[in-house]
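Visitor: Please take me through the contacts here, slowly. I would like a close look at one pair of packed helices in particular.

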Amino acid sequence: MTSHNWLRSLVAVGALVAFSGTAYAAGTLRYATVGEPPSLDQQVITSDLSTTIAHHIFEGLYTFNAKNEPVPLLASGETVSDDGKTIVIALREGVKFHNGEDMTAADVVASLKRWGEFGSRGNLLFDHVESVEATGDHEVTLKLTNPFGPWKNLMAFINGGPSIYPASVVEGATKEPIGQDGYIGTGPYKFSAWEPNRKIELVRFEDYTSPEGEADGYGGERTAEFDTLDFMPVPDVGARIAGVRAGDYDYAESIPGDLYEELKNDETVTTILNGGPIFGLVFMNSSEGPLKENFALRRAIQTALDKTTALQVAIGPEDLWRANGSFLPDGNVWYNDAGTENFSKGDAEAAKTMAQEAGYSGEPIKFMVSTNYPFHYDTAIVYTKQLANAGFNIDLQVYDWATLIEKRAQPDQWDLFFTHHGFVPDPILISVMNDTYPGWWATPEKTELKDKFTASSDPAEREKIWGEIQTLIYEQVPTMKTGDIYTYNIASSKLQGLGEATLIWPSFWNVSKE
Amino acid sequence: MFAYTIKRLLTLIPTLLAASVLVFLFVHLIPGDPASILLGDTATPEEVAALTKELGLDKPLIVQYFYWLIQVVQGDFGRSLFFGAPVLSVIANGAQTSILLALMTMVWIVIFGIPIGVLSASYQGRWVDQLTSGGAMLFASVPTFWLGLYLILIFAVWLGWLPSSGFPAIDGVGALGHLRYLLLPSLTLAAPNAALIIRLVRASMLDVSREDHVRTARAKGLHPSRVAIKHIFRNALIAVAAAFGFTFAALVSEAVVTETVFSLPGIGQLVVQSILRRDYPVIQGVILVIVVLYAVVNLLVDLAYARLDPRVSLQ
Amino acid sequence: MTAVVQQVQDIFAGRRLASIGLSWLILILIVAIAAPLIAPFDPYEIDPIARLSPPGWPHLFGTDHFGRDTFSRAIYGARMTVLIGSGSVIVALLTGGLIGMLSAYFTRAGNVLMRGVDVLMAFPALLLALVLITLLERSVVNTIIVIGIVYATTTARILYGMTLKLKREVFVDAAICSGAGHGSILFRHILPNLLSPLLVQASFIFAFAQLQAAALDFLGLGLPAEVPSWGNMLAEERIYITRAPWLLLFPGALIILSVFSMNLVGDAMRDSIDPRFKDDIAGV
């Protein structure tokens with residue numbers, strides 16, 4: 001029977017497999033991601049995973065240096081008129097797109113326009129823009145309706161931001177993410193292939209023209225040392241860790257806090273903290289249900305929570321979290337302790353009394369959380385226990401993330417839900433500032449302060465108003481911050497040039513492997 | 001036989017139709033929509049609604065179903081909402097891993113399952129039999145993911161002999177070498193399945209050995225080992241071959257847990273991730289393709305039976 | 001009663017392994033019933049200071065990453081084992097068993113019904129279960145229903161075959177001649193003959209339901225995450241495999257022992273049933 005031959009050949013394959021050694025293409029970085037990004041179109045997608053990959057391909061006019069200050073990237077500089085309403089941006093010359101064309105003002109204008117109309121964060125700036133025009137081959141003029149302080153920060157923040165495409169790609173693009181054929185940027189790596197569930201492959205862009213000056217944060221010189229960057233989805237965290245230890249990946253993201261000490265002491269891997277902390281947020285429903293306009297009851301809930309305990313349980317080692325009530329971290333210009341004395345009282349008795357005074361008599365409070373992010377779930381479990389101890393009747397509803405997103409859009413489905421927020425360079429970008437974000441916080445007090453905040457372009461005044469807004473957040477409690485979390489990634493100790501922490505997203509220009 | 005094959009293929013049509021309705025309904029009833037997943041946390045309801053419309057997901061379900069059905073009949077499974085690529089190419093990508101994994105697992109099952117099963121039957125009731133039968137049952141009782149986690153720990157992390165996870169594509173240089181990524185996963189999958197085959201081989205050998213022609217062979221004075229191999233094993237093989245067919249189909253489609261543990265880009269992972277992303281066309285496509293696979297395997301097994309065993313006739 | 005004891009003795013006489021298996025299952029049952037009395041801690045109590053403690057005193061099996069007592073959770077996990085196992089058996093036998101029996105008895109309607117079963121069997125069972133659970137949301141009842149349905153199809157096939165065989169027997173003809181109604185023939189004449197093979201089938205479903213439930217838990221699509229089940233304990237603590245290996249060792253061993261025991265018991269019972277039906281039940 002022929003099955004003997006068939007069997008023999010399979011066994012031969014097995015033997016071959018077992019004895020052939022490791023054979024990686026030299027100069028490939030293999031990055032284990034938590035999953036597959038939705039798309040690499042940075043203008044409309046705000047997934048951090050997307051940005052981690054896409055900011056090697058796409059660049060904006062500005063980026064951030066190590067101090068989180070905006071510095072030119074595709075721009076070479078700008079002049080702002082005295083009234084603050086006319087901004088003339090000069091572009092670097094000789095910059096090439098991955099399709100070989102030169103980048104000109106026409107490409108920049110088309111990209112900015114699409115971002116302004118359809119981009120995730122575009123309307124934040126374009127609500128204040130009167131016109132954007134090419135006033136030379138390499139000059140763009142932006143006219144504002146009123147002075148608007150955060151314009152440069154918004155341009156520099158590439159996540160959901162204005163990445164620059166060739167006009168031919170971006171003209172006619174809408175809200176729907178641009179497809180793979182349109183992944184043409186100016187960055188040090190160009191898009192090569194997307195094999196679903198296997199990898200996204202970027203290759204070095206040989207005609208890259210780097211900005212000048214010493215590398216500083218994302219600013220300055222960018223050199224592509226690796227031939228190829230492979231971003232491979234490895235959803236199971238155990239597999240990511242084992243993979244880096246076993247040498248199958250060079251870099252892996254989103255590692256649980258509890259393994260920090262162990263991995264730090266492991267000589268084969270290095271741990272890299274992520275610079276901008278993320279923070280959990282528990283939103284309250286301002287539109288319907290028992291929490292609507294009952295600020296006293298919300299403060300009772302806030303008083304019941306001991307956030308430090310939750311951080312200990314959900315994150316672990318103290319290096320990785322701060323029980324910080326300020327919405328932006330210590331050291332940042334926007335750091336402010338206004339209102340934060342109410343951040344983590346953990347006083348069950350006081351909460352009980354406050355709840356009674358607020359008219360609460362044991363109605364169920366629906367608390368939605370997702371299992372997709374372990375720290376959401378772990379924190380919610382601790383909070384539920386603490387709230388129960390303070391006499392609250394919490395109905396914990398556990399969903400997958402997609403279901404939670406759908407349910408939270410319906411005001412009658414929930415009272416509290418858990419999410420987290422990435423680091424942002426300007427408080428205007430924080431989700432609770434958005435009146436239409438689920439929770440729908442839009443009290444007259446908020447509206448008044450927010451209008452003042454965006455109208456001003458004086459940094460000192462803006463900082464002061466932000467303090468007032470933060471105080472209001474602790475009074476009306478549209479959302480509760482759970483504390484700062486410094487996520488970390490791990491890398492093979494063979495990688496060089498990574499530094500101790502990332503600025504926001506990991507970047508692999510100026511990085512090599514020994 | 002040809003007419004029979006055609007007839008069987010025709011009866012597949014109502015099954016597929018029923019399957020397509022069920023799958024379409026289930027998948028679309030899951031709460032959550034692809035547009036808000038694509039756009040992320042900061043999207044406004046208006047933006048989500050606009051994208052939903054662009055993706056054609058705002059039409060009534062029944063309309064969407066018939067659009068989809070008409071496409072499928074023409075061999076077009078639509079485009080993945082998430083990848084933007086044709087569903088069939090996304091499935092093909094996952095199928096490559098799944099099929100290779102299943103084949104490699106079958107190799108282990110053949111290597112371990114058949115000899116041990118034969119051994120066990122030849123020593124029926126003695127300690128060898130008890131040890132192998134008991135051992136097989138123990139292996140069938142181990143959760144696969146538990147076994148997989150410990151195999152990774154031992155062979156990839158501690159000893160560093162084998163890759164822990166992932167599976168690069170089999171094209172380009174060093175292609176066959178990449179098969180070593182499948183060693184641990186295939187062993188994990190083989191453990192419970194080999195155990196079932198061992199039991200099956202043993203049982204069918206014992207059944208066959210009671211049949212008349214074997215008794216005749218023995219009566220003619222043939223050497224016992226010749227009887228075992230020529231008469232018993234060959235006939236027992238028929239039942240085992242059938243079991244292999246079904247095992248293969250099951251391995252391709254049901255390896256989702258092993259694929260998760262080892263982060264393999266196979267069919268099972270594709271479905272799990274697509275459910276999380278609400279990528280409707282992919283989920284529907286995968287399940288339909290697997291229903292067809294099951295049907296084809298069923299048919300092949302029946303045809304094989306008819307060939308191998310003259311007592312079976314097809315009508 | 002004494003007859004049952006006698007029968008059990010007959011089945012397990014001389015089968016030491018199967019007897020040990022049976023004893024283990026009885027122990028699990030007792031632990032499940034008496035869980036609140038046995039467990040030294042509240043299985044939900046969070047203790048951030050005692051997180052990830054190794055086995056010792058007072059935490060016999062150590063603690064998990066919430067600082068919850070693993071031993072107490074394992075004790076309560078026995079409840080889930082019994083609940084999921086028996087629940088799936090009931091769903092599978094009630095739906096699948098009835099469909100199979102009725103289809104074999106009322107041949108014309110039965111043909112259609114069995115075609116429906118064929119459609120269901122053509123689905124990849126686990127993938128379908130994943131879609132269904134996402135649709136229905138995670139809960140104990142939904143987990144039971146989904147696993148029960150998966151095994152209902154095989155049960156229907158098996159009972160269909162066995163009932164067909166019995167229908168040709170003399171005693172059924174005799175019952176028909178004596179004017180017995182359909183219900184009487186089905187439930188008083190046919191069903192009693194099927195009880196012991198059904199019991200064997202039940203034991204295999206019980207065993208495999210444990211593995212399926214653990215797999216669903218592992219994928220995050222089984223029981224609600226906060227429920228202490230052995231599968232959830234493995235799923236939640238799997239990243240600590242290097243730091244706290246005992247967290248995976250104890251629940252894993254418990255699952256293996258229980259499934260193994262159930263398989264041993266099922267095997268022993270199968271050897272003692274009517275030889276006509278032996279081939280019908282080859283495990284699930």
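Guide: Two residues are in contact if their C-beta atoms, placed from the backbone, lie within 7 Å. The model is predicted. Start with the contact between chain C and chain A, to which chain C gives 17 residues and chain A gives 16 residues. On the side of chain C that touches chain A, 8 residues are nonpolar, 5 are charged and 4 are polar.

Now the helix pair, which lies within chain C. Two packed helices are described by the angle between their axes and the distance between the axes. The pair consists of helix α4 (residues 70-105) of chain C and helix α11 (residues 246-271) of chain C; their axes come within 11 Å and cross at roughly 25°. Angles under 35 degrees count as roughly parallel, and α4(C) and α11(C) are therefore roughly parallel to each other. The crossing in which α4(C) passes α11(C) is right-handed.

Which residues of α4(C) and α11(C) meet? From α4(C) come C:Thr70, C:Ala74, C:Gly77 and C:Thr81. Facing them in the contact, α11(C) supplies C:Leu247, C:Phe250, C:Pro251, C:Leu254 and C:Ser258. By class, the contact of α4(C) with α11(C) has 5 nonpolar and 4 polar residues, and no charged ones.

To return to the two contacts: the side of chain C that touches chain A includes 5 charged residues, whereas the contact of α4(C) with α11(C) has no charged residues.

Definitions and conventions. Residues are numbered from 1 along each chain as its sequence is written. Chains are lettered from A and ligands numbered from 1 in the order in which they are written. This is a predicted model: local features need pLDDT of at least 70, side-chain atom pairs count only at pLDDT 80 or more; totals for chains, interfaces and linings use all residues. Ala, Val, Leu, Ile, Met, Phe, Trp, Tyr, Cys and Pro count as nonpolar, Asp, Glu, Lys and Arg as charged, and the others, Gly among them, as polar. Axes are lines fitted to C-alpha atoms, for helices over the stretch in contact, and angles run from 0 to 180 degrees between N-to-C directions. Helices (H or I, at least four residues) and strands (E, at least two) are DSSP runs, numbered from the N terminus. Angles under 35 degrees count as roughly parallel, over 145 as roughly antiparallel, 65 to 115 as roughly perpendicular and the rest as oblique. A crossing is left-handed if the near helix is turned anticlockwise from the far one by less than a right angle, and right-handed if clockwise.
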